[in-house]
Amino acid sequence: MGIFDRNENNPPKSTPDFGNVKSGGSSTAPAPTDTIGSGKTYVVVEGDSLSKIAKREYGDANKWRAIYEANRDLIKDPDLIYPGQELKVP
Amino acid sequence: MHTRLRGTSLAALALAVVLTTACTKSREAPAATGTTGSTAGVRVSRIDMGRSLTADKMINDKTESFKPNDTIYASVLTEGAAATATLKARWTYQDGQAVTESTQTIAPTGDARTEFHISKPDGWPAGKYKLEVFLNDSSAATKDFEVQR
């Protein structure tokens, strides 16, 4: 077994970038009528930023401020969001 | 006299505490969005996966093996009714690397299907993935799938 065979069997571990993943959903069930706002929320994952979320949700990273303004109670610094935070997407 | 005054003050203080607690609870109630009692009757009964959906959110072509350029759909069947329930889909890669999460808030009146989908413009890395579905922040079901080149 040569060195190349060993490399093939044990490929170097790399961490894929999932920052450009697009996601969505819908339901046959109606949306709650008594929910504040649109009811749409986004849960922050590792590597997210407000502009990344804006890009994903609106297709425009420059709309990050809309998300920031809707979540001023949660976000003190727009450059600091944390995995697990549940943000309202207006 | 002194004792009676102290007793009256204590009674007033107790009343104030009760009223304050009641007011606080009534203000906090909307924030909870019925995550406890009103959703107790809902449960996740099944997850199907595939590459496309029917109009009623069922999977057309069930599979757990995808190609890098596929849009990956998951159809979550819930049973029961609730004024509000939150379904969260957490997608992870291999040993737990976060892919993405998304949430749907629903008010089911009976059996309902909620779909979640993900896509990646430059293609999915090959490997094993996992979808975990949470109902009101409690893990309700998981589904393993893979992407093959």
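Residues are numbered from 1 along each chain as its sequence is written, and chains are lettered from A and ligands numbered from 1 in the order in which they are written. As this is a predicted model, local features need pLDDT of at least 70 and side-chain atom pairs count only at pLDDT 80 or more, while totals for chains, interfaces and linings use all residues.

**Confidence**

The model scores ipTM 0.72 and pTM 0.58. For chain B the mean pLDDT is 80, with 73% of its residues at 70 or more. Over residues 13–39 of chain B, pLDDT stays under 50, and the model has 14 contacts beyond four places in sequence for them. Two residues are in contact if their C-beta atoms, placed from the backbone, lie within 7 Å. Where pLDDT is low, the predicted coordinates should not be read in detail.

**Chain A**

Chain A has 3 helices and 3 strands, in the order α-β-β-α-α-β from the N terminus on. Of its 90 residues, 23% count as buried, that is, with 20 or more other C-beta atoms within 10 Å of their own, the C-beta atoms being placed from the backbone.

**Sheet of chain B**

Chain B holds an open sheet of 5 strands, ordered S2-S8-S7-S4-S5, with mixed pairing. Strands pair if DSSP finds at least two bridges between them. Strand S2 (65–66) and S5 of chain B are the edge strands, each pairing on one side only. In the sheet, B:Phe66 stands opposite B:Val147 in S8(B).

**Contact between the chains**

Chain B gives 33 residues to the contact and chain A gives 23 residues. On the side of chain B that touches chain A, strand S4 (85–93), strand S5 (97–106) and strand S6 (112–119) of chain B each give two or more residues. S5(B) gives the most, with 10 residues.

| Strands | Sense | Bridges |
|---|---|---|
| S1 (residues 22–27) of chain A and S6(B) | antiparallel | 6 bridges |
| S2(B) and S8 (residues 138–147) of chain B | parallel | 2 bridges |

In S6(B), B:Ser119 is the bridge partner of A:Lys22.

Methods
Helix = DSSP H or I, 4+ residues; strand = E, 2+ residues; numbered from the N terminus. Buried ≥ 20, exposed ≤ 12 C-beta atoms within 10 Å, placed from the backbone. pLDDT = per-residue confidence, 0-100.
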